[in-house]
Amino acid sequence: MEDIIKFFLDPANWAGQAGIPNRLLEHLEISGVAIFVATVVGLPLGLYTGHTGRGANLAINIANIGRAVPSLAILVMVLPVTLALAPVLGYPPPLGLNPLPILISMTLLAIPPILVNAYAGLRSVDRELIEAARGMGMRERQILRSTELPLASPVIIGGFRTATLSVIATATIGAILSGGGLGRFIFDGLNQGLVGRPSIYAGAILVTVLAVAVDLGLALVQRRLTPVSLRKPIGTPSRGWTQTAEVPQSGGMPGPI
Amino acid sequence: MRTPRVLALGASILVLAGACSTGGGASQSAAAPSAPGSSAPSTEPASVAPKAPIKIGSDNFYESELMGEIYAQVLENDGYTVERKYKLGSRQERIPTMDAGQVDMVAEYVGSGLGFYAKDKITGDGQANAEELQKVLTPKGITVLGITPGEDTNAFVVRKDTSDTLGLTKMSQLKDHQDDLKWGLPADCDTNPLCKGALEEYGITYPPKQRSALGACDVPMAQALDGKAIDVAELCSTQPAISQFGFVSLEDDLDTQPAENIAPLVRDDYLAKVDKTAFAALLDAASAKMTTEELTKLGVLVAVDQKDIADVAKQWLTDQGLLK
């Protein structure tokens, strides 16, 4: 314990490429890019399947493969592929070692919660409301934008929270393939015998603190985006029709999926 | 909903950290009363040496498991009951496992094994490394038995095309090309005298301009070398990937790498239960036959030809005339 505190107090651990600020930045970069790509892929698919109800089973099941296969396995499995593709696609081979494999495995990890929650969020919107919107002459796109999306936003953001939390925690494994990020503290520590122990624990603590901090931030965003009528102040019952359009407030994935 | 769970995770990591820092002391004190002298000879029959069941462990890679299996079969052949607990993890996980008495014996590299505790004490002499390692392990109640003549040491390796174009065969030739080459070095190289120190001895400015941190002797390191993501890799001298991919091992012409002979480490509380001299003699006989060539040959059988480790061990022991 004392050694871990010493690790955090050592100025050498706060400076340069191997310092905590730079590793934190690298970690956020990897996680951010992975979440961005996963959103570009997963969100439209989730919204489409959620709005139309078409192809949901297929899309969700395919996406879930990303969650079923361990990220570490994906990381090591794609390494020979990204290395072999380097001359073909014309990127320098070191990119095929790092960061491509970690970005691919983190993106695959992030897609399922984003896609599934977007789908589940839209599905959870009261059908009668959508019919009413349609009856008022709204077009499909308008229904999606002004009726479904606002009501589903807490669940959709919940998907981002799940995805972000998993990615921040798991991106540590990128260090195995020479990647940067907070995982370096853990893996470099593992390689150093007894002296490396504080580094391992410091890395684990940093990752946990980062994950919790980002999750709390997203929880605030989630609350902000929740329509006032759907917010549930503690102790006061929700009003009117919102009782039928029950939407889970937590970040977890809703049950029926 | 999830936040408390994450906090709980954080808390449990802290608890774990606390538990680990006290773990070493507890296991030491537990091992102390079982030092060799404390066994009561009156409970043992005088004529027949007892053959207490032994738990043999190994690290999570083929060579460690192979050596463990060789020792296991030698003991079984002599009438011992062996419980195999292979693939315990890396040294970082295996050492606490053995300290806690979960395994009685494991095959260890004397250079790296010593390096875990005291990196500056490692030398190029295997016997000296074994003696230093014994000094570190005596307070923990662990005995180092006889070492193998063969060793598996770290080697700097390049692709065949790099070797041909640059005319590289020796480590001392690396100096002139150091900035053009992409180096694959283990993450602990900065603090490891056998890595950073060795490179500096060869006149290489550390750290090299282009460097990737990968596990030494690991599969990704070999793959990265093959895929040209790196040009120089630190691998193990008996690693099958070297022959598999046709890599060229650079000669360590300044003898910078430590002696990595292999020796069985046995817990003293186990040795107290058996005839220590006969037990050691059995294992030493097998160790004595394990040369670097044999180790490399067996490595190819296991890691490239995918033969069963137990079969490979049995065949080798039979060929060496070590089974009765």
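I am working with a predicted model, where local features need pLDDT of at least 70, side-chain atom pairs count only at pLDDT 80 or more, and totals for chains, interfaces and linings use all residues. Residues are numbered from 1 along each chain as its sequence is written, and chains are lettered from A and ligands numbered from 1 in the order in which they are written.

**Between the chains.** I looked up helix 4 (residues 71-89) of chain A and helix 8 (residues 219-226) of chain B. They pack at about 10°, with axes 9 Å apart. I call helix 4 of chain A roughly parallel to helix 8 of chain B, as angles under 35 degrees count as such. Helices are DSSP runs (H or I, at least four residues), and strands are E runs of at least two. From chain A, the contact uses A:Val76, A:Leu79, A:Pro80 and A:Leu83. Chain B brings B:Pro220, B:Gln223 and B:Ala224. Contact means C-beta atoms, placed from the backbone, within 7 Å.

**The sheet.** I found an open sheet of five strands in chain B, ordered 7-6-8-5-9, with mixed pairing. Strands pair if DSSP finds at least two bridges between them. Strand 7 (211-213) and strand 9 (248-249) of chain B are the edges. Helix 8 of chain B packs on this sheet, touching strands 5, 6, 7 and 8 of chain B.

**A covered helix.** I checked helix 4 (residues 110-117) of chain B: seven of its eight residues are buried. Buried means 20 or more other C-beta atoms within 10 Å of the residue's own. Among the buried residues are B:Val110, B:Leu114 and B:Phe116.

Methods: Axes fitted to C-alpha atoms, helices over the stretch in contact; angles between N-to-C directions. Parallel < 35°, antiparallel > 145°, perpendicular 65-115°, else oblique. Contact = placed C-beta atoms within 7 Å. Buried ≥ 20, exposed ≤ 12 C-beta atoms within 10 Å, placed from the backbone.
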